[in-house]
Amino acid sequence: MTDDPLPDPLAGLTDPRALSLERFLIRTRGGSATQSAWRLSVVCGEGQGAIIFVEVASDETFYRGEGIFLGWPQDRMAAAYRALLPKSEEPSFETQQLG
């Protein structure tokens, strides 16, 4: 059995890049409370779009696509969201080797 690499979630998009990551309030169907969500705005050669990330509970999340991401399956949007997230500018934590 071979380990096939996972397909590129951004395949078919030309030079995709994140424009902004914004936190905003959202209400879901059937939900009685207002929740926070993240909106990752993206531009590429094919146009613009956004991936909305909603964490309903610690074990329940979903994604919603707009524009170029409309109709994408949940697993592909999740992978694209992770791939396009802006990288933190803070240095990563490293332990010093003493002695």
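Predicted model: local features only at pLDDT ≥ 70, side-chain atom pairs only at ≥ 80, totals over all residues.
**Entry: Thr28**

I began with Thr28 and found it in the loop that joins β1 (17-26) to β2 (35-44). Is Thr28 buried or exposed, or does it fall in between? Its relative accessible area is 22%, so I noted Thr28 as partly exposed, because buried would require a value under 20%.

Next I looked for partners beyond four places in sequence, and Thr28 has contacts with Gln35, Val54 and Phe62. I also checked the spacing to Val56, which sits 28 residues away along the chain; the two C-alpha atoms are 9.0 Å apart.

**Entry: Gln35**

From Thr28 I followed the contact to Gln35, a residue of strand β2. Gln35 has a relative accessible area of 17%, so I wrote it down as buried; the cut-off for that label is under 20%.

Which residues does Gln35 touch, once those up to four places away in sequence are set aside? I listed Phe24, Leu25 and Ile26, then Thr28, and finally Val54 and Val56. Val54 was already in my notes as a contact of Thr28.

**Entry: Ser41**

I stayed in strand β2 for Ser41. With a relative accessible area of 9%, Ser41 is buried.

Where does its side chain find a polar partner? I found a polar contact with the side chain of Arg39, at 2.8 Å. Leaving out neighbours within four places in sequence, I recorded contacts from Ser41 to Arg17, Ala18, Leu19, Ser20 and Glu22, and also to Gly49 and Ala50.

Notes:
Residues numbered from 1 in each chain as written. Heavy atoms only, no water. Helix = DSSP H or I, 4+ residues; strand = E, 2+ residues; numbered from the N terminus. Buried < 20%, exposed > 50% of the residue type's maximum accessible area, 1.4 Å probe, protein only. Contact = heavy atoms within 4.5 Å. Polar contact = N/O pair within 3.5 Å; in protein donor to acceptor, adjacent residues only side chain to side chain.
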